[in-house]
Amino acid sequence: MCGHPMKKNGRTGKGVQRWECPACRLSSTMPQRERKQARALEVFVFT
Ligand SMILES: [Zn+2]
């Protein structure tokens, strides 16, 4: 996002991981593409 390391900041109502940048107070979720890859990896690990 802004180039700073992001910290986990709870989850949204949909259970999506929310991230916050402590340096500039920016809060956001991960980009859609990375979320999809993470989920595919989870499925691979747990099946
Ligand atoms: Zn930042």
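In strand β3, Leu26 is the bridge partner of Cys21, strands here being DSSP runs of E with at least two residues, and helices runs of H or I with at least four residues, both numbered from the N terminus. The model is a predicted one, in which local features need pLDDT of at least 70 and side-chain atom pairs count only at pLDDT 80 or more, whereas totals for chains, interfaces and linings use all residues. Residues are numbered from 1 along each chain as its sequence is written.

The residue Leu26, found in strand β3, is partly exposed, because 13 other C-beta atoms lie within 10 Å; on this scale a residue is buried if 20 or more other C-beta atoms lie within 10 Å of its own, exposed if 12 or fewer, and partly exposed in between, with the C-beta atoms placed from the backbone. Between Leu26 and Met6, which are 20 residues apart in sequence, the C-alpha to C-alpha separation is 8.9 Å.

Strand β2 (residues 17-21) and β3 run antiparallel and are joined by 4 bridges, where two strands are taken to pair if DSSP finds at least two bridges between them. The two strands β2 and β3 form a hairpin with 4 residues between them, and Arg25 in the turn has a positive phi of about 60°. On the other flank of the description, β1 and β2 likewise pair in the antiparallel sense, over 3 bridges, and form a hairpin with 5 residues between them, in whose turn Gly15 has a positive phi of about 85°.

Taken as a whole, 3 strands form an open sheet in the order β1-β2-β3, with antiparallel pairing. Because β1 and β3 (26-29) stand at the edges, each with a single partner strand, one side of each is left without a neighbour in the sheet. From one strand to the next the twist averages 30°, the axes being lines fitted to C-alpha atoms, for helices over the stretch in contact, and the angles running from 0 to 180 degrees between N-to-C directions.

Lys8, placed in strand β1, is exposed, because 9 other C-beta atoms lie within 10 Å. Apart from its neighbours within four places in sequence, Lys8 is in contact with Gln17 and Trp19, a contact requiring that the C-beta atoms of two residues, placed from the backbone, lie within 7 Å. Lys8 and Ser28, 20 residues apart in sequence, are 9.8 Å apart in space from C-alpha to C-alpha. Strand β1 is hardly covered, the count of buried residues among its 5 residues being 0.

In the segment before β1 lies His4, which is exposed, because 11 other C-beta atoms lie within 10 Å. When residues up to four places away in sequence are not counted, His4 touches Cys21, Ala23 and Cys24, and its C-alpha atom is separated by 8.3 Å from that of Pro22, 18 residues apart along the chain.

Along the sequence, the chain follows the pattern β-β-β-α, with 1 helix and 3 strands. Of its 47 residues, 0% count as buried, and among contacts between residues at least 6 apart in sequence, 8% join residues at least 24 apart. The mean pLDDT of the chain is 73, and 60% of its residues reach 70 or more, pLDDT being the predictor's confidence in each residue, from 0 to 100. Among the elements, strand β1 (residues 7-11) has the highest mean pLDDT (88), whereas helix α1 (residues 32-46) has the lowest (57). Where pLDDT is low, the predicted coordinates should not be read in detail.
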